[in-house]
Amino acid sequence: MHQKVTEIASFLNLHYNESLTLEQVAGQFYISPSYLSRIFSKITGYHFREYIQVVRIKEAQRLAQGNAG
């Protein structure tokens, strides 16, 4: 299941700028939303929405750094 969560995390990193829901992503990877929620949190240490927010914040910081120089 680590491989599946790694695939999902990679997907989220590529599509962070889209409107993503737990249900949509779970369906895309053929697993139930409740199971995805549990294993994603257990493996990554982040809840699904929290992970997306962290990715978005890091990208915003990266863009701000590029504009500051």
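Me: Which residues of H3 do His2, Val5, Ile8, Ala9 and Leu12 in H1 meet?

Reply: Contact means heavy atoms within 4.5 Å, and helices are DSSP runs (H or I, at least four residues; strands are E, at least two), numbered from the N terminus. Here the five H1 residues meet Leu36, Ile39, Phe40, Ile43 and Thr44 in H3. These contact residues divide into eight nonpolar, two polar and no charged. In that count Ala, Val, Leu, Ile, Met, Phe, Trp, Tyr, Cys and Pro are nonpolar, Asp, Glu, Lys and Arg are charged, and the others, Gly among them, are polar. The model is predicted: local features need pLDDT of at least 70, side-chain atom pairs count only at pLDDT 80 or more, and totals for chains, interfaces and linings use all residues. Residues are numbered from 1 along each chain as its sequence is written, and side-chain values use heavy atoms, with hydrogens and water left out.

Me: At roughly what angle do the axes of H1 and H3 cross?

Reply: Axes are lines fitted to C-alpha atoms, for helices over the stretch in contact, and angles run from 0 to 180 degrees between N-to-C directions. Angles under 35 degrees count as roughly parallel, over 145 as roughly antiparallel, 65 to 115 as roughly perpendicular and the rest as oblique. The axes of H1 and H3 come within 10 Å and cross at roughly 90°. H1 is therefore roughly perpendicular to H3.

Me: How do the axes of H1 and H4 cross?

Reply: The axes of H1 (residues 2-14) and H4 (residues 48-68) come within 9 Å, at a crossing angle of roughly 45°, so H1 is oblique to H4. H1 contributes Ala9, Leu12 and Asn13 to the contact, and H4 contributes Phe48, Tyr51, Ile52 and Val55. Six of these residues are nonpolar, one is polar and none is charged.

Me: Which residues have the most contacts inside the largest nonpolar core?

Reply: In soluble globular proteins, nonpolar side chains tend to be buried together. A nonpolar core is a set of buried Ala, Val, Leu, Ile, Met, Phe, Trp, Tyr and Cys residues joined through side-chain atoms within 4.5 Å. Buried means under 20% relative accessible area, exposed over 50%, and partly exposed in between (1.4 Å probe, protein chains only). The largest core here has 18 residues, and those with the most contacts inside it are Ile8, Leu12, Val25, Leu36, Phe40 and Phe48. H1, H2 (22-28), H3 (33-44) and H4 each give two or more residues to this core, and H1 supplies the largest share, five residues. Leu12 touches Leu20, Val25, Phe40, Phe48, Tyr51, Ile52 and Val55, not counting residues up to four places away in sequence.

Me: Is Val54 buried or partly exposed?

Reply: Val54 lies in H4 and is partly exposed, because its relative accessible area is 22%.

Me: What is the phi of Tyr30?

Reply: Most residues other than glycine have a negative phi. Tyr30 has a positive phi of about 60° although it is not a glycine. Tyr30 is found in the loop between H2 and H3 and is exposed, with a relative accessible area of 75%.

Me: How many helices and strands are there in the protein?

Reply: There are four helices and zero strands, in the pattern α-α-α-α along the sequence. Of the 69 residues, 28% count as buried.
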